[in-house]
Amino acid sequence: LMYVRVNDFKRCNEFATTAQALMPRIRDDKNNCIRSMMTVCLAMCLLQPFRSLSGTFLQIHQDFKLMGDVEMSLNGLNAYALCFFGAGCELGPIFESKLLVVEDYCRNLGRKSSLVLFSMFRQFALNLRKPSNYPSKLVGEAFNEEQVLSELEGSAHFQTLRDSSSLRVQLAFVFWNEADMIDLLKIL
């Protein structure tokens, strides 16, 4: 894939589609699975609808979880959630319960940064689905941005601020809050 010119979309798509098709056959080899995931991420996210990729990323999560690779497993879940949002899939109690399961998974593994991220995702989904006085703020039953940011320091603080701001700018656009859009774009 690295040898294919960036503007050669047809060839990139062929590589990524091949990698996706081969994934069930290479699950037993962690390095091949990682390469396949990277190919899918690099090429297919640019060329195929998010809806068709969400199942691939969920499978990537399951494969890496079975291999005992927590980091790559969580990366698969992260990509799954982002594809789910990007595809405009229906947000509701079923998706929120999946995010709760992931939060428990992160909590049990002691992965605080991932727990914060998936809590943010759940609050993002809740803001899109339920009425709120401040729909472009990540404050509610799943996540409180100000509280979490006040507890973090250094790179963890800045990474969380970046992630929350990228979600909030989307909410600000959906709910047409121009002041928040301007403020959040300055952060990003």
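How many aromatic pairs does a search of the whole structure find? The search finds 7, where rings of Phe, Tyr and Trp (its six-membered ring) pair if their centres lie within 6.5 Å, with planes under 30 degrees apart counted as stacked, over 60 as edge-to-face and the rest as tilted.

Before I turn to those rings, a word on the model. It is a predicted model, in which local features need pLDDT of at least 70 and side-chain atom pairs count only at pLDDT 80 or more, while totals for chains, interfaces and linings use all residues. Residues are numbered from 1 along each chain as its sequence is written, and side-chain values use heavy atoms, leaving out hydrogens and water.

Confidence is lowest in helix H2, residues 30-47, with a mean of 63, and highest in helix H6, residues 112-129, at 94. Helices here are DSSP runs of H or I with at least four residues, numbered from the N terminus. Where pLDDT is low, the predicted coordinates should not be read in detail.

I return to the aromatic pairs, of which there are 7. One of them joins Phe-85 and Phe-95 edge-to-face, at 5.5 Å centre to centre and 80 degrees between the planes. This pair links distant parts of the chain, since Phe-85 lies in helix H4 (residues 70-86) and Phe-95 in helix H5 (residues 93-109), 10 residues apart. Phe-85 is buried at 15% relative accessible area, buried meaning under 20% with a 1.4 Å probe, protein chains only. Phe-95 is also buried, at 4%.

Phe-85 pairs with Phe-124 as well: the ring centres are 4.8 Å apart and the planes stand at 80 degrees, so this pair is edge-to-face. Here helix H4 is linked to helix H6, across 39 residues. Phe-124 is buried, at 4%. One aromatic cluster includes Phe-85, Phe-95 and Phe-124, and among its other members are Tyr-80 and Phe-118.

Finally, I consider two helices. H8 (residues 154-174) and H9 (residues 178-187) pack at about 155 degrees, with axes 9 Å apart; the axes are lines fitted to C-alpha atoms over the stretch in contact, and angles run from 0 to 180 degrees between N-to-C directions. H8 and H9 are therefore roughly antiparallel, a label for angles over 145 degrees.

Notes
pLDDT is the predictor's confidence in each residue, from 0 to 100. Buried means under 20% relative accessible area, exposed over 50%, partly exposed in between (1.4 Å probe, protein chains only). Angles under 35 degrees count as roughly parallel, over 145 as roughly antiparallel, 65 to 115 as roughly perpendicular and the rest as oblique.
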